[in-house]
Every structure is written in structure tokens, then in C-alpha cells.
Amino acid sequence: MEKITVCRLTPELCGDWVQYFDEIAFKDHQDWAFCYCLEGHLEPKTQESWINAQERRARAIELIQSGVMQGYLAYAGDRVVGWCNVNDRENYLYLTTMFREIGYQPEGRAKAIYCFLIAPEFRGKGVAQSLLDRVCEDAAQDGYDCIEVYPFVDKQFEFQYHGTYGMYVRNGFTEIADLQYVKVMQKKLERVDKYGNIPNAETQKAIEDAQNGIGLSRGFSSVRELMEDLNSDD
């Protein structure tokens with residue numbers, strides 16, 4: 001199999017993302033081709049009003065260009081062969097609304113994985129694992145406490161787009177809640193810098209202060225963002 005390269009989605013890669021959804025992602029299931037990975041960014045009660053494929057496509061492009069929709073693309077050569085929709089848990093309207101309605105109160109600062117979508121001919125070949133590895137690596141560097149995932153309770157369900165329960169167990173995730181249709185699983189993260197080093201207590205305190213805007217002109221969501229700001233020419 002060709003080497004898989006994982007890239008964080010940026011507005012510049014929006015064209016690749018759109019082409020993947022237009023031509024590849026659902027070529028074996030055209031009945032799902034209207035999706036454009038919007039579900040997590042819509043409230044549950046509004047899902048049925050967003051059934052037009054072109055409207056969903058246009059909305060997804062807007063969300064990518066504005067940085068609201070985030071995630072990773074997997075490439076084999078110059079072809080996109082996989083996608084993972086990843087974001088701060090609080091940025092998913094579907095999750096925050098559902099949790100509020102059922103009275104579930106999640107803990108910790110979580111990077112949430114909402115969806116995996118692998119090209120038909122690349123399924124079962126480790127592409128989802130490559131995406132998951134990159135998500136965990138970047139989330140640790142960005143100061144998240146854990147990765148949170150939501151596999152379906154029904155393991156026989158054909159479209160396991162949240163990722164499979166088995167994959168998460170193999171990668172060290174533990175179940176923390178059963179919400180009837182999905183399970184909530186988490187993997188705790190050790191915060192590391194870009195070199196893979198675990199910060200000491202003093203550095204960890206500085207990271208938390210940076211995220212909370214203490215002693216700074218503004219808050220920063222990650223150490224990476226803070227360092228980029230410090231190294232800018234402005």
C-alpha cells in the first residue's frame with residue numbers, strides 16, 4: 001500500500017476536501033453522498049431541515065474557510081483517501097445540545113473525534129489508525145486533557161462513522177458513559193511539546209496561564225499558538 005501522509009485541514013486544502021466528498025468518499029453509498037460531514041455542526045432538531053446536498057456542501061465550505069470545521073486529511077500520494085472530523089468538544093453543536101438535553105456533564109478539556117470517512121478501497125488498511133495517531137499527537141501538544149470519542153452501541157451498525165469500539169479499545173480508550181445509542185470513551189493525554197517532551201510542573205503552570213490569558217494581552221488555545229505569536233514580526 002502507498003505511504004499514508006496525514007495533513008491538518010486548512011482553508012488552502014478545502015479544494016481537496018470538497019473533491020474527496022464529491023467524487024470518492026461515498027462512491028459505494030450514494031445515498032449518503034449528501035452528508036458533507038455537517039452533522040456534528042448542526043443541532044439535532046435542525047438535521048432534517050438540512051437535507052439538500054448542495055446546501056450542505058456550500059455550508060461545509062463556509063465552515064472550512066472560517067476555521068470552524070476542523071480535522072485531518074489522509075493522502076496516498078496526492079490523492080485524499082481518508083478524513084477525520086476533529087474539534088474541541090465544545091465546538092460541536094450536536095454534542096453540546098445532546099449532552100445538555102439528557103443532563104450529561106462531560107469533564108475535562110477534550111479533543112473530540114466526530115467522524116472517520118475512509119475511501120472504499122483503502123478501508124481496513126490502517127488509514128483510520130494513521131489519522132487517530134496524528135489526532136492524539138497534536139491534541140497532546142495543544143494541551144488537551146483527553147481525546148473523546150462516541151462509538152455506536154450497536155456494533156453491527158453498518159456505518160460506523162464515529163469509529164469502531166474495537167479500534168478505540170486497542171488504542172487505550174476507556175468507556176466512561178453509555179448514552180443509549182453511543183458510548184462515550186476517553187483516552188487521557190500527557191501534555192508534550194513538539195519534541196515529545198513532557199513539561200515539568202513550572203512549564204505546565206505557564207501553559208495553563210497562557211491558555212487562560214493570565215499575564216498576557218489575550219488568551220491562547222495552545223502552546224503552539226503562543227510560540228507562533230511570540231515569534232511573529234508584529
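Reader: How do the residues lining the largest pocket divide into nonpolar, polar and charged?

Author: In this predicted model, the lining holds 29 nonpolar, 11 polar and eight charged residues. Strand 4 gives the largest share of the lining, five residues.

Reader: What makes Asp 138 and Arg 8 a salt bridge?

Author: The closest N and O atoms of Asp 138 and Arg 8 are 3.0 Å apart. A salt bridge requires a side-chain nitrogen of Lys or Arg within 4 Å of a carboxyl oxygen of Asp or Glu, so the pair counts. Asp 138 lies in helix 4 and Arg 8 in strand 1, 130 residues apart.

Reader: How do you know that the length of helix 4 agrees with a helix of 15 residues?

Author: At 1.5 Å a residue, helix 4 should span 21 Å. The end C-alpha atoms of helix 4 are 22 Å apart, which agrees.

Reader: What makes Lys 27 and Glu 121 a salt bridge?

Author: Their closest N and O atoms are 3.7 Å apart, and the cut-off is within 4 Å, so this pair counts too. Lys 27 is in the loop between helix 1 and helix 2, and Glu 121 is in the loop between strand 4 and helix 4.

Reader: Why is Glu 121 called partly exposed?

Author: Its relative accessible area is 35%.

Terms used
Residues are numbered from 1 along each chain as its sequence is written. This is a predicted model: local features need pLDDT of at least 70, side-chain atom pairs count only at pLDDT 80 or more; totals for chains, interfaces and linings use all residues. Side-chain values use heavy atoms; hydrogens and water are left out. Helices (H or I, at least four residues) and strands (E, at least two) are DSSP runs, numbered from the N terminus. Ala, Val, Leu, Ile, Met, Phe, Trp, Tyr, Cys and Pro count as nonpolar, Asp, Glu, Lys and Arg as charged, and the others, Gly among them, as polar. The expected span of a helix is 1.5 Å times one less than its number of residues. Buried means under 20% relative accessible area, exposed over 50%, partly exposed in between (1.4 Å probe, protein chains only).
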